[in-house]
Every structure is written in structure tokens, then in C-alpha cells.
Amino acid sequence: MKITTLRLSAACVLILGLQVAHAQAPAAPTFDFAKMRAEVDAFNKKPDTVGTGRYPALKEMVDSLPNHVIYRPADLSKLGNEKLGVLAWGNGGCAADGAGGRFHLAEIASHGYLAIASGTIQSGPGAPPKPGPPALGADGRPLHIPPPATKAALLTEGIDWALAENQRKGSPYYGRINPKWIAVSGWSCGGLQALEVAADPRVRTVLIHSSGIFADANPIPGITITKAALQKLHTSIIYILGGPSDIAYANGMDDFKRITSVPVFVANLDVGHGGTFLEPNGGREASVAVKWLDWQLKGDAQAAKLFVGPDCGLCKDRDWKVESKNPTANR
């Protein structure tokens, strides 16, 4: 099996957090590094968004949870009796930029969720000056692949913190979180981190974007997860992939085929590995993620129609290619 590895470091990994190292056979899709860097630069000049949900969102860092970026409804009092779900997020590239998926995560938060990304604000509004571009080889790719800047344990720390805040009198989150509504998610290398944490019994659903576990030796330094982790899944999981041009497509589809013990859904949108994260409000991937969370955590019957039933929305949408193995609500 041929392994192609590309890490967007410095100006790209720490800004966008895009890990595009995935095993493919017989050959990996090509990846335009210069184009992605230009897109990232444009993304960083855009203001934060508040999402399209009922609760306009904000992003922030708090002293009680270092090395994390929080996305939440800006005015928690507007929730009334509605409880928040919690989503712990692994960044693309396993980078330390907790703002790399800011459009996507703000969209999720605006629908009544507390999304917690690993790292600090290293891109977009509120970010310090960015480092210079990485050293590139003759092929235009970075010369070196640094080890991941974050670990899967940070996702667990985010969950621990949220549940503790839910019980701490004086916390803005006191009594506002449903402890049964816990999800883990991530993009690319961050998806591997989410899969590592998925065995946590508190997790009720898993969302994996443009990622999948390597069948052979993992080329990402410091990442040791193997296909055996799929046997530890105890809850529903969705893979949202970028179609055959996604460098993670083969790995994600192989995961889907191997999973037999839990409900699993795979949805492919032909947008490549970068997904729709740079699009306003996270684009179509964010919309699907919100509906999956609303169904799997909150039991929303209307949201379920996007995935199952005679009027299955994604099944009828020609832009999406979907497969499933008995997806059911997981409440």
C-alpha cells in the first residue's frame, strides 16, 4: 500500500489545522498546498460568525480550562429550560489552533451546544501574529512532519470540565448541561483523537470528518490508534467524508465496513479533504453535524428525517452519497 503524507505546518497547520496524511491505494489524490494556503489566508481575515441557530454563539477562552477554546450561546439565559449538549472537538492536523474550525463550531453552538476545541486561538480574530511559512521541498510540500501539537486527552479534559461546571454553583453552566448529551468529534487527525476518546462511557455519539484509522502503519508521528479501537465503540457514529478526492476517503470507508456492533452512517460530499469548514457557518457539513447531534442526543424526530425513513433527506440529495447500518437514536 502506498502511503502519501502531507502536513500543512506553520502558516497552515497552526492556522487551519489540516492534517492530510492518510493511507490510500493504489495512489493518493493530489493536494494543492499553495491553493490551500491562499484559502487559509483569506479565511483568517474573515470575522467570527455567530451561527444560524436560535442562540447566536461566541468563542472564548477561560482561565479554568486552559488549552481549550469554547464555543457557546452568547446569552445563556436565552436557553430557558433547554439544556446544552457538549461536543469535544479534535482539530485538523491535531494542531493547537482551537479556532481553525471556528465557523463549524460556532454553527453547532448556536443550536444549543457547548463545543470545546483543543488548543488556543491561533487564527482569525483574537489570534497573535502568525509564524512564517514552512520550509518547502521542490515538490511544494513541507520538508518535515512535526508531531501532533495536541493529544486526545484534551478532549476528555473538555468533557470533564463541562460536567464539573454543570454541578458547580456559581458557574454560568450550573444546571444548564444534560450530562447524557455528550459527543466527540474531529477533523482529519483530530478525528483519530475523537476515535481514541469514543470508548469513554459518557460519550453518546461520535462524528468523524474526513478521517479514518490506518489499516497499516500510521505515518503521523505520535498517533498510535489502530483498527482495534473500532471494536470498542459502544455508541452511534457518523463519518462525513469528502468523497473519493478526499485523501482520507479510503480509511474512512474501511472503518465503515469494519464497524458491525453499533449504528454507523457514512455521508460523502464530493468536496475533498478540506470539507466545507471554510464556508459560511461551516457549510453543508456543519448542517449535517447539527442534525445528527439533534437526533442522536436530543431525539429530535424532525432531524432524524435527514438520515432515515422514506423521505431520508441525504438519501434523496444527489450531492450526497450515503450508506448506513441500522442507525438509531441513541438517547
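Predicted model: local features only at pLDDT ≥ 70, side-chain atom pairs only at ≥ 80, totals over all residues.
Residues are numbered from 1 along each chain as its sequence is written, and side-chain values use heavy atoms, with hydrogens and water left out.

**The overall picture**

- The protein has eight helices and eleven strands; these are DSSP runs numbered from the N terminus, with helices (H or I) of at least four residues and strands (E) of at least two.
- Of the 331 residues in the protein, 57% are buried. Here buried means under 20% relative accessible area, exposed means over 50%, and partly exposed lies in between, using a 1.4 Å probe and protein chains only.
- Among contacts in the protein with a separation of 6 or more, 74% are between residues 24 or more positions apart; a contact means heavy atoms within 4.5 Å.

**Strands around β7**

- Strand β7 covers residues 177-187, and nine of its eleven residues are buried.
- β7 runs parallel to β5, and six bridges join them; two strands pair if DSSP finds at least two bridges between them.
- Within this pairing, A183 of β7 stands opposite L87.
- β7 also runs parallel to strand β8 (residues 205-209), with five bridges joining the two.
- Here A183 stands opposite T205 in β8.
- To get from β7 to β8 the chain passes through α4, making a right-handed β-α-β crossover. Right-handed means that, with the strands pointing away from the viewer, the path from the first strand over the helix to the second runs clockwise.

**Aromatic pairs**

- Searching the whole structure gives nine aromatic pairs. Rings of Phe, Tyr and Trp (its six-membered ring) pair if their centres lie within 6.5 Å; planes under 30 degrees apart count as stacked, over 60 as edge-to-face and the rest as tilted.
- One of these pairs is W89 with F277, a tilted pair with 6.0 Å centre to centre and 55° between the planes.
- W89 belongs to strand β5 (residues 84-90) and F277 to the loop between β10 (264-269) and α6 (283-296), so this pair ties together parts that are 188 residues apart in sequence.
- W89 is buried at a relative accessible area of 1%, and F277 is buried at 1% relative accessibility.
- Another pair is W292 with F307, which is edge-to-face: 5.1 Å centre to centre, with 85° between the planes.
- W292 sits in helix α6 and F307 in the loop between α7 (301-304) and α8 (313-316), so the pair ties together parts that are 15 residues apart in sequence.
- W292 is buried with a relative accessible area of 0%, and F307 is buried with 2%.
- W292 and F307 belong to one aromatic cluster together with F265 and W295.

**Charges over rings**

- R102 lies over the face of F43, 4.4 Å from the ring centre. For a charge to sit over a ring, NZ of Lys or CZ of Arg must be within 6 Å of the ring centre and within 35 degrees of the ring normal.
- K298 lies over the face of Y113, 4.1 Å from the ring centre.

**Disulfides**

- The structure has two disulfides, each being a pair of cysteine sulfur atoms within 2.5 Å.
- C94 is joined to C189 with an S to S distance of 2.0 Å, and this link is left-handed, with -90° about the S-S bond.
- It connects distant parts of the chain: C94 is in the loop between β5 and α2 (102-109), while C189 is in helix α4 (residues 189-197), 95 residues apart.
- C94 and C189 are both buried.
- C312 is joined to C315 with an S to S distance of 2.1 Å, and the torsion about the S-S bond is about 70°, so this disulfide is right-handed.
- C312 is buried with a relative accessible area of 3%, whereas C315 is partly exposed with 46%.
- Counting bonded cysteines along the chain, the disulfides follow the pattern 1-2, 3-4.

**A closer look at H104**

- H104 is found in helix α2 and is buried, with a relative accessible area of 1%.
- Leaving aside neighbours within four places in sequence, H104 is in contact with W89, H209, F277, G282, E285, A286 and A289.
- Those contacts include both W89 and F277, the two rings of the tilted pair.
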